[in-house]
Amino acid sequence: MKITLKVWRQSRPDAAGTFKKYEVDADPNMSWLELLDHLNAQRMRAGKEPVAFDSDCREGICGACGILINGRPHGDADNLPACHQRVGKRKEGEVVTIEPFRARQYPVIKDLMVDRSALDEILMSGGYSDTDTGTAPDADEVGNTHQVAELALDMAACIGCGACVVACPNGAANLFAGAKLAHLAALNVPSRQRRKRAQQMVSVLDANFGPCSLYGECEAVCPANIPLRAVAAVARERSYAPRAK
Ligand code: FES
């Protein structure tokens, strides 16, 4: 089946970008990244510049592959990263648009690659978490209940792809920040460390991203299935944090 990819091409961050059309042979079982590989192989054989895009694990765990497919973060299917989304059944000659994640916070580096370090800044602002070391704890010394441990694991599933920000009409990163705050709050760390971390992370979140109005678009596209209730952790940890002077 031949389809037409309308791909965003931008040579460098300060260059004007534009869409270019490429006709490719697509198999319904291919992932969109495999189709881009296929397009690039074709272009390189012809001595043309390949399309730049990010990917790493291709297993849904690194978050590097975020792109917009027909205007939707990661593609048609809910809660799947682009590396797991299949081309699926398309009509012969169908046009599919592929472009970089669109958000003020994610400047384009080249073609489909964006700089998502605004998300890293939230994490980095939280600093480190320490824990007592020493001999192994006794088996009956339970630091957390099973429910808290499960919650921490669910929230730790966030892969930091940034799709939540792109899907949100406000450009809010509360799903991302809420997942990280809820995960870190479940660690057995001194409360002063939790307060300081929450204050720093929430102030970077507020400074760099839009406010959350609970649209819920983020939950529908999140490839890690982070539930919307994660955003409550931002409000909870904000109240836990001392006010900035
Ligand atoms: S390439 Fe790692 S999540 Fe898609």
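**Burial, domains and helix packing in a predicted model**

Leu-35 is buried, since 20 other C-beta atoms lie within 10 Å (buried means 20 or more such neighbours within 10 Å, exposed 12 or fewer, and partly exposed in between, with C-beta atoms placed from the backbone). The structure is a predicted model, in which local features need pLDDT of at least 70 and side-chain atom pairs count only at pLDDT 80 or more, whereas totals for chains, interfaces and linings use all residues. Residues are numbered from 1 along each chain as its sequence is written.

Leu-35 is placed in helix H1 (helices, H or I of at least four residues, and strands, E of at least two, are DSSP runs numbered from the N terminus). When residues up to four places away in sequence are left out, Leu-35 touches Val-24, Ala-26, Met-30 and Val-87, a contact being a pair of C-beta atoms, placed from the backbone, that lie within 7 Å. Between Leu-35 and Ala-167 there are 24 Å in space, C-alpha to C-alpha, and the two are 132 residues apart in sequence.

The domain assignment divides the chain into domain 1 (2-113) and domain 2 (117-240), with bounds that come from an automatic or database assignment. The C-alpha centres of domain 1 and domain 2 are 29 Å apart, and the contact takes 18 residues from domain 1 and 17 residues from domain 2. On the side of domain 1 that touches domain 2, the residues comprise eight nonpolar, six polar and four charged (Ala, Val, Leu, Ile, Met, Phe, Trp, Tyr, Cys and Pro count as nonpolar, Asp, Glu, Lys and Arg as charged, and the others, Gly among them, as polar).

Helix H3 (residues 146-156) packs with helix H5 (residues 174-185) at an angle of about 145°, and their axes are 8 Å apart; axes are lines fitted to C-alpha atoms, for helices over the stretch in contact, and angles run from 0 to 180 degrees between N-to-C directions. The contact is made by Leu-151, Ala-152, Met-155 and Ala-156 of H3 together with Ala-179, Ala-182 and His-183 of H5, and by class it has six nonpolar, one polar and no charged residues.

Arg-58, which is not a glycine, has a positive phi of about 55° and lies in the loop between helix H1 (32-45) and strand S3 (67-69); because Arg-58 has 16 C-beta neighbours inside 10 Å, it counts as partly exposed. For Leu-214, phi is near 60°, and this residue is in the loop between helix H6 (191-208) and helix H7 (217-221). Leu-214 is exposed, with 12 other C-beta atoms within 10 Å.

How values were computed
Two residues are in contact if their C-beta atoms, placed from the backbone, lie within 7 Å.
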